[in-house]
Amino acid sequence: MSRAQAESVIKNIIREIAQECSSKGEKISETVVAFMVKAVVLDPKNHFNVDRTLTKQDVQKLIELCVNRLLDHRSPALDTIKMQVDFDMQYMSRREFLDELCKVLQSRVAQISREITDSRARARDELEGLYHKIVSYVVQHSGLGSLTDINIVREVTAGVQSVFPQSELGTFMSLTKKDKERQLSELSMIVTGICLFNKDCGKGGESIQNLPGYLNEVIPDATRDLELELEACQAKAWKYTALVERLTETGFSSCKVPPDLLRQALYNLRQHEAFLKITLADVILCAKQVETLQTEFIEQLKLLKDKVHGKKAVPTAQVFPLFIDLAKQWSGMRDESALLSFLSDVVVRLRLHLSAQSQLLSETQLNTLLEGVHVKTDMERVSESSEDKIDPSEMMSCEWFLPETTANFDTLPLQYRGVCGYTLVEKDGLLLPANTAIGILKHRERYYGFVSKEAAYKFASKPDEYISLIADRAKSCPELIQLLELYQQFARVTPYSEMQSGEKLLVKPLTKSDSSTQTDTHPVDMNIVKSYEWNEWELRRKALKLVSLRTKVTHSVQTDLSHFRRHNCTQTYLPKDAVCQTKRDGTSSVPKPQIYLAGLRGEKTMATNMIKVNLTRSVDE
């Protein structure tokens, strides 16, 4: 079966699974279905061989297994996979979100901007309509309010008229399209700054949102709520960790919940914790950026008041740049507000995938099972082994990194998202955070952390075997692939956000590829120095032209000590050998002229009687 045929078969399988789930009242995205198909195929218990063509019985078995897993509402593992898919498909980094937001804002005004720049208005009514479109553009581009708010429209119109009166439309129409777009953008920012300044001075702006005040209220609340939710998630994860550890070590049998479900619940909580930490870090960064923007915003308003205070007229060259900077800071705060709203939505969506784990054991049941057991926090577990550090001399065959001898130790990328791989294998899937303070193992350009010195030595004695066992564990628990970031060990599994339905699902990936790249001589135009000269003589010529020696007088003096100590050098062009081709010499048989003159001398008379005799032979002879 060719690659295209295999992908077509897989897409049909995914579509059929999604339709069967939908017929049973469960609407599941094809991305979740695609990953579940991968998980079922990778699980060795299902005995699928991806190297051979799937028979009808294999396809039917695959569909049945996937549907059963996708319809298991009591499975925390399914909730974890859905959480991972949802987060990877919805979440964007700060830079990606701000870039996307900028594109959305540009698309909102693209149509009206095109109408303005392409307009060929000549009549009075057409020019008035064009002017109204410019006002509408400024309202939409500034983000001060809605076009349906008459107060906003009036204030923006007044601002536009003070900066760009309607009589200037003729000059505007004569500009090129790019210049029109640039002037529209500058006009919008200047008018935005004017409206914000008027609001601060109490001369209008009642309909403009108090964005700094709003952010000062929302950001602390969002940060506090996230921190509380993270603390509750961590506390519950620590309890499940203690319970799973107790079951693994003592075989505690009072718990009626199967150990597999307890581990799935632990994975669900740890994944939720990881996503909350990512979101909280973005919120904290957002708070810092808002604080900086607000400080600059207040300083800019103060500077504007000092410029305008007590003056009837102020040069536009002095205040317009300040208005533009004010609008930029306002736009920055508006973007941060949108980012904060987006992160809040992400956190809300994460809560939708905790139902199976929350229904597994109530808080009372969990506390009863842990009666008499000290629930250790991650910090306590780390502190217990911090004193017993790894001694590299005890295992010279391995490469160890210690915090005292390694620069940028905290930035080393740990495998398994900082989880101890030895504990994951030896304690039946238990997730414990590694203590990097005792040392880090480097094996095949990858870094591994451990909970204790003994765990590090045992893992280092046969690392490839433990790495293979961790991969086998992930095949049985597919949610670990995303949780522990095991993509490098699973060539057929890609992150959800990069995966398409049926893409590279059961087909072996290509191990080789041809690639090429080309680099421009000057990729950044602004760094090209137009006045640069590589020729030394051209630089000398410019230097002589610059000093203008015609108007200068040169003075020199020579002493006994400096006599014959001046070094001179010159540069000449070496003579080059050159040849050329000229006409060649030729001869002919033309008769030789023979002319004789007689009587010029020897005569006794004063008069000379010269006789000329031409004896030249004729050419015809």
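1. Contact here means heavy atoms within 4.5 Å. The model is predicted. By that criterion, K458, F459, A460 and S461 of helix α17 touch P463, Y466 and I467 of helix α18. Sorted by class, this contact holds 5 nonpolar, 1 polar and 1 charged residues.

2. Now the geometry of that pair. Two packed helices are described by the angle and the distance between their axes. Helix α17 covers residues 453-461 and helix α18 covers residues 463-476. Their axes come within 5 Å and cross at roughly 95 degrees. Angles of 65 to 115 degrees count as roughly perpendicular. α17 and α18 are therefore roughly perpendicular to each other.

3. Next, the strands. β2 (residues 440-443) pairs with β1 (residues 399-401) in the antiparallel sense, over 3 bridges. β2 also pairs with β3 (residues 446-448), again antiparallel and over 3 bridges.

4. E399 stands opposite K442. In β3, Y447 is the bridge partner of K442.

5. Which way do the side chains of β2 point? I440 and K442 point one way, while L441 and H443 point the other way. In a regular strand the side chains alternate between the two faces of the sheet. Are these β2 residues buried or exposed? I440, L441, K442 and H443 are all buried. That includes the lysine, K442.

6. Last, the turn. The hairpin of β2 and β3 has 2 residues between the strands. Which residue there takes a positive phi? R444 does, near 55 degrees.

Conventions
Residues numbered from 1 in each chain as written. Predicted model: local features only at pLDDT ≥ 70, side-chain atom pairs only at ≥ 80, totals over all residues. Heavy atoms only, no water. Axes fitted to C-alpha atoms, helices over the stretch in contact; angles between N-to-C directions. Helix = DSSP H or I, 4+ residues; strand = E, 2+ residues; numbered from the N terminus. Parallel < 35°, antiparallel > 145°, perpendicular 65-115°, else oblique. Nonpolar A, V, L, I, M, F, W, Y, C, P; charged D, E, K, R; others polar. Buried < 20%, exposed > 50% of the residue type's maximum accessible area, 1.4 Å probe, protein only. Pairing = 2+ DSSP bridges.
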